[in-house]
Structures are given as structure tokens and as C-alpha cells.
Amino acid sequence: MTSCGTSSQVEPPQVEAPLAVLAELTHRCPLRCAYCSNPLALDPASRELDTATWCRVLDEAADLGVIQVHFSGGEPTARKDLEQLVAHATQAGLYANLITSAVLLDRARLERLRDAGLQHVQIGFQDTVADKAELISGFPGGHPKKLEVAQHVTDLGMALTVNAIVQRHNIDRVDDFIDMALDLKAGRIEIANVQYYGWALKNRGGLMPTRDQLIRMDERVRARLPELKGRLVVDYVVPDYYAKRPKACMGGWGRKFLNVTPSGKVLPCHAAETIPGMAFDSVTERPLADIWANSAAFQRYRGTDWMPQPCRSCDQREIDWGGCRCQALALTGNADNVDPVCDRSDRHGLLAGITATDGSTAEVPFTYRSFSL
């Protein structure tokens with residue numbers, strides 16, 4: 001591996017350091033998933049940060065106090081310099097995790113990535129049945145390839161997480177997802193109910209499960225938890241549209257995580273660019289620590305001062321941090337509003353109408369993600 005260069009030192013910010021950085025290396029991907037969380041307007045390859053710039057960003061993240069880097073996309077393995085970036089992250093003291101579709105990987109490249117310092121691999125599974133997985137991903141042959149790569153991951157001594165992306169067409173197979181994770185010797189499964197941003201919002205009417213499906217899934221997951229203790233870590237949360245209280249999106253805006261896009265914009269969350277009127281600084285123009293501590297975008301919804309009522313006086317305000325700004329925008333048209341997932345919001349009734357309309361078991365044609373390799 002060759003060195004990527006050195007970083008410029010910046011005074012640490014006065015706010016608490018972020019735990020992790022999501023490094024979206026590229027928006028290129030061979031899959032066309034109907035629930036993709038990437039923005040509808042994708043960055044072309046010509047606008048991607050080069051190797052040296054990414055390495056500088058990794059150094060600045062380590063200097064800032066970041067512990068983990070999650071290499072993501074698009075499909076991060078589309079980058080030929082991924083091994084170099086993993087090695088540089090490892091040398092900087094960062095825990096390196098790969099979030100991947102796995103369809104471009106083989107054992108030889110996994111060995112190179114492991115030798116470069118990769119410690120953890122998260123593989124997204126669209127279903128446990130091959131043809132059903134293809135319905136969502138638009139990619140023939142993807143499921144057996146994922147199973148093969150997952151086996152290589154554990155054989156090579158790396159930690160494996162199965163990301164089970166749950167929606168109406170596979171929610172009744174949650175037991176099968178858990179059994180698959182056990183068979184693959186995964187240490188963790190994320191039962192990830194689709195979040196309706198990006199392409200998923202565009203396809204909400206074809207993805208959202210019914211309340212009855214959700215109740216059955218919840219019963220099955222909770223019934224399995226005792227037997228899985230010590231065998232498989234289960235990350236599981238109720239999907240927002242059927243919840244009564246909002247989640248602390250990304251641990252709270254500008255509190256725990258930051259996202260660097262393929263072209264270098266730094267976001268508090270991956271969907272933040274949907275909020276109109278916001279400008280996001282780039283690592284090509286400003287040091288990462290300065291953006292984290294001082295940029296207008298990170299300051300806008302950080303903490304509690306920005307909150308409207310009833311959030312401002314709520315005893316949960318430093319637990320859920322006001323919920324999700326992008327969800328408030330998607331559902332009410334204004335990111336400043338109370339997240340309507342909260343049952344204390346005067347707009348909470350919106351969710352009943354949406355779930356009644358979009359929550360079904362019907363076959364609805366998808367608009368597939370249209371940007372590939």
C-alpha cells in the first residue's frame with residue numbers, strides 16, 4: 001500500500017466529537033434497489049473525491065476523535081482504491097467497516113481488504129428468496145452471490161452483519177432472515193425496516209407493509225430474542241410510520257455522526273440535502289473539524305434551542321432530539337416542524353392516512369434507481 005499523504009492539523013471543536021463518519025465513496029452501484037437511500041440526484045463518477053482527498057478526510061476524521069469509518073455508497077467496492085483507503089483508515093486508528101451489496105466482491109479481494117485492515121462487513125439482503133430479492137434489487141443473480149461472499153467474510157475471520165432490509169414483500173419471512181444470519185455465522189443482524197427517503201419515498205406505495213404484517217413480525221422477532229442471546233445480536237426498531245414516538249435520527253442532528261458524500265459535501269445525515277435552502281460545506285473547501293463544529297448546516301438543528309413546542313418543553317427532548325428533520329419535511333413540507341411520528345404532534349394524524357393508503361400487500365410497480373456503474 002502506498003501512503004495517501006498527510007493531514008492538516010485543525011484545532012478540535014468545542015462540541016463533542018462524532019462517533020463515526022459514513023464515507024460515501026461513490027453513488028455507482030450495479031443494483032437498482034427500489035428503496036435506495038441515496039438521493040434522486042446522484043453524483044457522477046467524474047465528481048467523486050480522489051484517493052488523496054479521501055485519505056486527508058480520514059486523517060482529519062481521526063484527528064477530530066472519530067472512532068469508526070463506514071465505507072459505503074452506492075457500492076463502495078466499485079472504487080479500485082478501496083484497499084488503499086481501508087489501509088489508510090487503519091493506519092489512522094479508525095475501525096474500518098464495509099457496507100456493501102457484495103455482488104462485486106470475491107474471496108481474493110476480501111483477502112486484500114482484510115490484509116489492509118478491514119474488520120467488519122455489512123451485507124444488505126433484499127430477501128431470503130432469490131427471485132423475490134431480484135424484484136427489489138433489479139439485479140439478476142445477486143442473492144446467491146451475497147450468500148457466497150458472506151461465507152467468505154466469516155471464513156476469513158472478519159465480523160459479519162446481515163442487513164435484512166424489511167418491506168411488505170419480505171416482512172413475513174423475518175424468521176428466515178434470522179435463520180439465514182445464523183447459518184452464515186453472522187455476529188449481528190439488523191432488521192432494518194425501510195426508511196422512506198430517497199428512492200424509498202418515491203416507492204412508498206409499493207414498499208410499506210400493513211399494520212397486521214408489522215404486528216406479526218414484531219411478535220416473531222420478540223419470540224426469537226431469548227434463544228438468540230449470546231448467539232446473534234439483533235438490532236430491531238419499529239418502522240417510523242407505525243410508531244408513536246420518534247427516534248433520535250443519527251443519534252441527534254450533529255451529535256454522533258457525519259456523512260461525506262462522493263463529491264465531498266459534509267451532511268448531518270444522508271438525506272439532509274432534501275431540505276430546501278440549506279447549504280452544505282465541502283471537504284475540498286473547509287477542514288472537517290471546522291465543518292463539524294461551526295458550519296451553519298450542523299448548527300441549524302443541533303441541540304434543543306431550535307425546537308418548536310411541544311418539543312422544547314418535552315421531557316424526551318434530549319432523548320429523541322426532536323426526531324427526524326428529513327421526515328418532518330417529507331410528511332409536512334417543512335423540516336422545522338415537529339416530527340409527525342410523535343403522538344404529541346398536531347400532525348400525527350397524517351400517518352394514519354398514509355399507512356391506510358400506502359400500507360398494503362398489493363403489487364405496485366417500482367421506479368428503480370436509474371444510476372449504475
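Let's start with Asn203, which touches Ala34, Pro365, Phe366 and Thr367 once residues up to four places away in sequence are set aside; a contact here means heavy atoms within 4.5 Å. Asn203 sits in the loop between α7 (198-202) and α8, where helices (H or I, at least four residues) and strands (E, at least two) are DSSP runs numbered from the N terminus. Is Asn203 buried or exposed? Asn203 is buried, at a relative accessible area of 4%; buried means under 20%, exposed over 50% and partly exposed in between, with a 1.4 Å probe and protein chains only.

Some housekeeping: this is a predicted model, with local features needing pLDDT of at least 70, side-chain atom pairs counting only at pLDDT 80 or more, and totals for chains, interfaces and linings using all residues. Residues are numbered from 1 along each chain as its sequence is written, and side-chain values use heavy atoms, with hydrogens and water left out.

**The whole chain**

The chain has 14 helices and 9 strands. A compact globule of 373 residues would have a radius of gyration near 21 Å, and the 20 Å of this chain agrees with that; the radius is taken over C-alpha atoms, and the globule rule is 2.2 Å times the number of residues to the power 0.38. Along the principal axes, the C-alpha atoms fill a box of roughly 55 × 50 × 40 Å. Of the 373 residues, 55% are buried. If you take the contacts with a separation of 6 or more, 75% of them are between residues 24 or more positions apart.

The chain exposes about 15300 Å², with carbon and sulfur atoms supplying 50% of it; areas come from the Shrake-Rupley method with a 1.4 Å probe, and for residues only the protein chains shown count as cover. As for charge, there are 41 positive and 46 negative side chains, and the centres of the two sets lie 2 Å apart. Lys and Arg count as positive and Asp and Glu as negative, with His and the chain ends not counted; each charge is placed at NZ of Lys, CZ of Arg, CG of Asp or CD of Glu.

**Cores**

Nonpolar side chains in soluble globular proteins tend to be buried together. A nonpolar core is a set of buried Ala, Val, Leu, Ile, Met, Phe, Trp, Tyr and Cys residues joined through side-chain atoms within 4.5 Å. The largest one has 86 residues, and Phe71, Ile189, Ile191 and Val260 touch the most other members. Helix α1 (residues 51-64) gives this core its largest share, 6 residues. Apart from it lies another core, of 19 residues, among them Ala271, Ala272, Ile275 and Trp306.

Leaving aside neighbours within four places in sequence, the contacts of Phe71 include Ala23, Leu25, Leu58, Pro76, Leu82 and Leu85. Helix α1 also holds Thr53, which counts as buried at 16% relative accessibility.

**Helix α13**

How many of the 8 residues of helix α13 are buried? Six is the count, written 6 of the 8 for residues 325-332, so α13 is largely enclosed by the rest of the structure. The buried residues are Arg325, Cys326, Gln327, Ala328, Leu329 and Leu331. Their cover includes α8 (204-207) and α14 (349-358). After α13 comes Gly333, with a positive phi near 85°.

| Site | Feature | Angle |
|---|---|---|
| Gly73 and Gly74 | cis peptide bond | omega about 20° |
| Gln309 and Pro310 | cis peptide bond | omega about 5° |
| Lys185 | positive phi | phi near 65° |
| Trp321 | positive phi | phi near 50° |

Gly74 lies in the loop between β2 (68-72) and α2 (82-91), and Pro310 in the loop between α11 (296-300) and α12 (317-320). Lys185 is in the loop between α6 (174-183) and β6 (188-193) and counts as exposed at 61% relative accessibility. Trp321, in the loop between α12 and α13, is buried at 13%.

**Arg107**

Finally, Arg107 is in helix α3 (residues 107-116) and is partly exposed at 33% relative accessibility. Arg107 touches His152, Asp155 and Leu156, not counting residues up to four places away in sequence. The C-alpha atoms of Arg107 and Lys132, 25 residues apart along the chain, are separated by 26 Å.
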